[in-house]
Amino acid sequence: MKKKPLFRRNLARKGQVKYMLENAFRIFFLMAALLAFFLLISYYINNRIDTRLIQAETLANRIVYSDTIMQQDPTLFRTYAGIVNLEKINDTLIEQSLSYTPTRHAAAKIKIISKPQSTGTEVFIKEAYLNRKQFNDFYVMIRSGIQGSESAIQAVKKFPVTCYDKDISPPASPYYYCTLVVEVMIPNT
Amino acid sequence: MQVAYAMFNKNKRGMEDKLYFVIWELIAIGMVTVILVLAVRGIAQNSSYWKKYYSTDLGLMADIANINQGDFVVNYQLKKSADLPSAKPPEIVLTPTRVEVYDAPKEESKVPYTWPYARSRSVESVNSSTIAELIVMSKIDTIFRIDTSAPTDAMTCPAFDTAQALDAKTAFNIITVDDQTRPAATALESIMKTKGYGSDPGAKTLTTFILATSHTDSVLIIYPADTHMSIAGKMSCLIAQEFNGANGPHARTVTYVPDQNDNNQTALDAAQQQVIDTYTAAVSSDPQRSGEFWVLVALPNNPAIDPGTVAKSISTALEKYYIAP
């Protein structure tokens, strides 16, 4: 019997659908096994390192323990961590002392308030920013509940400190107790 | 079996369809296997996790190192190369603004992982890189760098924050004790004038430079052991560094204690002593000049010393002192 050329063969034969249905389960199971294999590998591969909290701690402690805002002896250059020089609470000086490139890497608000009064209230004294614009942008996103890579986390730390105000003349003391509030913004990426 | 039978028994009608099916199935399995192996091998060789880890860890450490003045040395052990996907340590580069981690060598690496840090104003960050399993990150006086070992006997100056804007309202006083140092003084005054320092009539004098001839073969940079000892010491150290880097006569710093000239290693003669006494009396009697200090540069009696080089060394040190590195 003469063999038909391939292109003339009729591939739509009876029984092929039954054959496909019989093998559907086998093909489906094979795909499921491959998918499980990929998922298992992906689950155990960890390429994400979340250091936002430690970044916030590092920046807050850097503000508190360096000479950024703390009183420094002009002769010995000894830094007195715990005594805030109110003259140093301004944006320019803070950004000269803590200069990150890019500025998006960190933003902070440094606020000085009085120690808690007997009525429980606190009086605002002074504040300054590290990367003010960036801080405000992140603040708006956080308050709006926006999450994701463009947003940030906010960490707030409070420290009881002593404030030094050289503008206070005797007999009043230029040193008085106050509270330092450091609000740090760390971007999600 | 049926397929194999069909392959060799061409009289079975329809069996070739099953054969075609099995062939396609084998091709599909082969393609999937190849893709899987390539994907897993790519994942296994991917060193991005460790590059990211090291850049973050070292960047945060650099931030902590720059918190305060004072020396900071950390020995940082990397994971053993054999355990890394790339089987060799990465190249770690320190720049003034960030820590960068590349696959070694850096020139062949596609994308580095970087982490920014904030350098302290009183510290100079030296561009440095290492390819090693042990890294030493050190901040000693004004020098911040990474290397494979801790720096020893490095000539560094105190890391006091003395940064201040220099302009027409900031002046520098230059006094000469003898005629031999007059050319150097003139050259230094010329540099100050070119930069515009002190051109304002109400300019405040920050530092006085006293130039004199030394009785030794080396350059002596003498500074007072009084309330300005720290800042004057830093200025002297920077001037000595510039002289020593210029391949000229060796320079060293010496403190000057009033009324103890015999015990000082300054070998100041009467004329130099008088200049200092006159100056210090004028400064101490004027409360407006309380922040002012002096430094005496005693040059050896050597005609080969170029006055221009002396002036340039002093002016460079001055700018390093007042302008943050």
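Where does A:Pro171 lie? Some notes on that and a few other spots follow.

1. First, the ground rules. This is a predicted model, in which local features need pLDDT of at least 70 and side-chain atom pairs count only at pLDDT 80 or more, while totals for chains, interfaces and linings use all residues. Residues are numbered from 1 along each chain as its sequence is written, and chains are lettered from A and ligands numbered from 1 in the order in which they are written.

2. Back to the opening question: A:Pro171 sits in the loop between strand 5 (152-164) and strand 6 (175-187) of chain A. Helices (H or I, at least four residues) and strands (E, at least two) are DSSP runs, numbered from the N terminus. The peptide bond from A:Pro170 to A:Pro171 is cis, with omega near 10 degrees.

3. Chain A has another bond to look at. The one from A:Thr101 to A:Pro102 is cis, with omega near 10 degrees. You'll find A:Pro102 in the loop between helix 3 (91-97) and strand 3 (107-114) of chain A. For background, most residues other than glycine have a negative phi, and most peptide bonds are trans.

4. On to backbone angles. A:Phe77 isn't a glycine, yet its phi is positive, near 60 degrees. This residue is in the loop between strand 1 (70-72) and strand 2 (79-85) of chain A.

5. In chain B, look at B:Asp141, a non-glycine with a positive phi of about 55 degrees. Its place is the loop between strand 7 (134-140) and strand 8 (143-147) of chain B. B:Asp141 is buried, with 20 other C-beta atoms within 10 Å.

6. How do the two chains meet? The contact takes 23 residues from chain B and 25 residues from chain A, where two residues are in contact if their C-beta atoms, placed from the backbone, lie within 7 Å. Helix 2 (15-45) and helix 3 (48-65) of chain B each supply at least two residues of the side of chain B that touches chain A. Helix 3 of chain B gives the most, with eight residues.

7. Helix 5 (residues 229-245) and helix 7 (residues 307-322) of chain B pack at an angle of about 135 degrees, with their axes 8 Å apart. Axes are lines fitted to C-alpha atoms, for helices over the stretch in contact, and angles run from 0 to 180 degrees between N-to-C directions. The two helices are therefore oblique to each other (under 35 degrees is roughly parallel, over 145 roughly antiparallel, 65 to 115 roughly perpendicular and the rest oblique). Among the residues making this contact are B:Leu238 and B:Phe243 of helix 5 of chain B and B:Ile314 and B:Tyr321 of helix 7 of chain B.

8. Last, B:Met229, also in helix 5 of chain B. Leaving aside its neighbours within four places in sequence, B:Met229 is in contact with B:Pro224 and B:Thr255. B:Met229 and B:Tyr256 are 27 residues apart in sequence and 9.4 Å apart in space, C-alpha to C-alpha.

Notes
Buried ≥ 20, exposed ≤ 12 C-beta atoms within 10 Å, placed from the backbone.
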